[in-house]
Amino acid sequence: KKTSIGKSHAKVILMGEHSVVYGQPAISLPLPDITFTATVEERLAGQIIFTPTYQGPFSSLAEGYEGIRQLVNRLLINFNALKQPFTLRLRSDIPQERGMGSSAASATAIIRAFYDFFDTPLDAKTLQKWTAIEERITHGSPSGLDAATVSSDAPIWFIKHEVTQPFSLNLNGVIVLADTGIKGQTGLAVSVVRSLLEENPQDAKQHIHTLGILATEAQTALQTNDLQNLGRLMNQAQQELTALEVSHPQLDVLIEAANQAGALGAKLTGGGIGGTMLALAPNMEVANRIITALETAGANEVWTQTYPTF
Ligand code: MEV
């Protein structure tokens with residue numbers, strides 16, 4: 001019985017969420033320790049063609065299910081295998097609807113598993129094309145940033161419709177991530193920004209433009225290990241995102257707590273209106289203080305990530 005495994009991981013957007021949808025650059029970082037695994041297992045016979053099982057946070061496929069179902073269907077058409085009986089097992093460490101890329105990660109792992117199952121090589125461009133099918137169903141009009149990052153081992157410099165650029169970074173600090181415990185709603189947040197652009201185009205365009213400049217400056221800060229400046233840029237980005245109405249009172253509480261505890265900067269990450277925030281700490285000692293402050297302020301779950309190898 002043939003078994004194929006596909007893997008991917010979570011991601012975090014450092015700079016450029018929302019503005020990336022309108023052509024501004026964004027920087028995202030892989031979270032290699034928070035993984036998603038898809039296993040396709042051949043069944044020798046039987047009427048059940050597609051049996052997905054899911055194990056992970058919230059223990060259901062939740063709203064991602066329709067995107068996954070359609071993705072699998074199109075993959076099977078592509079491989080001329082609609083009658084192929086199989087079991088699909090999904091194992092996730094990535095919380096859903098927290099801005100950590102769980103839906104793009106599930107698609108990426110599934111696509112990798114099926115390409116392996118049908119003994120077909122898979123290049124990055126093809127992978128991203130397939131992931132976009134699922135992301136369009138789950139999120140409406142995704143920029144492709146999530147898809148690019150959950151399949152990359154390196155940080156990503158991303159501009160919509162342009163070739164994705166992995167880049168090397170020199171980041172001596174610690175990224176601290178905290179979940180508000182409130183469902184982030186990427187689709188809703190993207191439409192809030194779209195409405196603002198319709199109602200007050202001049203203002204909204206200015207915020208989006210500024211977020212692009214902040215992302216560009218952050219790339220320089222990352223490559224030169226200028227943590228102070230990076231933190232300052234993150235704080236400015238949070239102000240711009242607040243002006244675009246995609247923050248949330250509980251995000252604001254956690255961001256304030258992190259900054260009080262010694263963070264160099266803090267902001268929401270991903271879609272916002274709930275979901276996750278990230279803070280930058282100069283070292284592990286301060287990171288631990290920030291973690292305590294975040295937990296006291298009501299964070300649901302906290303992660304840290306360092307990048308020694310890029
Ligand atoms: C969501 O993780 C990031 C957004 O910029 C939407 C997108 O890029 O598609 C809010």
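This is a predicted model: local features need pLDDT of at least 70, side-chain atom pairs count only at pLDDT 80 or more; totals for chains, interfaces and linings use all residues.
Colleague: Fine. What makes S2 and strand S4 a pair?

Modeller: S2 and S4 (residues 86-92) share seven bridges, and the cut-off is at least two, so they qualify as a pair. The sense is antiparallel. To find the spot in the structure, look at Phe36, which stands opposite Ser92 in S4.

Colleague: And how do you know that strand S1 and S2 pair?

Modeller: By the same test: S1 (residues 3-15) and S2 are joined over 12 bridges, again antiparallel. With at least two needed, they count as paired. One place to check is Ser4, whose bridge partner in S2 is Val40.

Colleague: What about strand S5, how many bridges join it to S2?

Modeller: Three, with the strands running antiparallel.

Colleague: Why is S2 called largely enclosed by the rest of the structure?

Modeller: Count its buried residues, meaning those under 20% relative accessible area. In S2 (residues 26-42), 13 of the 17 residues are buried, so the strand is largely enclosed by the rest of the structure.

Colleague: Over to Ser103: buried or exposed?

Modeller: Buried: its relative accessibility is 12%, and the limit is under 20%. Ser103 sits in helix H2 (residues 102-117).

Colleague: Which residues is Ser103 in contact with, leaving aside its neighbours within four places in sequence?

Modeller: Glu134, Glu135, Thr138 and His139. They are called contacts because each has heavy atoms within 4.5 Å of Ser103.

Colleague: Now the largest cavity: what classes of residue are in its lining?

Modeller: There are nine polar residues, one charged and no nonpolar ones. Arg98 is in the lining, and Arg counts as charged. Gly counts as polar, and the lining includes Gly99, Gly184, Gly271, Gly272, Gly274 and Gly275. Thr186, Thr269 and Thr276 complete the list. The volume is about 30 Å³, and the structure holds one cavity of 30 Å³ or more.

Colleague: Last one: how far apart do the C-alpha centres of domain 1 and domain 2 lie?

Modeller: They lie 24 Å apart. The contact between the domains takes 26 residues from domain 1 and 42 residues from domain 2. The bounds, 3-165 for domain 1 and 170-307 for domain 2, come from the domain assignment of the protein.

How values were computed: Residues are numbered from 1 along each chain as its sequence is written. Side-chain values use heavy atoms; hydrogens and water are left out. On a 1 Å grid over the protein atoms alone, a cavity is a set of points where a 1.4 Å probe fits but cannot get out, and a pocket is an open set with protein on both sides within 12 Å along at least five of seven lines; lining residues have an atom within 4 Å of a point. Grid points are joined across faces, edges and corners, and a volume is the space filled by probe spheres set on the points. Buried means under 20% relative accessible area, exposed over 50%, partly exposed in between (1.4 Å probe, protein chains only). Helices (H or I, at least four residues) and strands (E, at least two) are DSSP runs, numbered from the N terminus. Domain bounds come from an automatic or database domain assignment.
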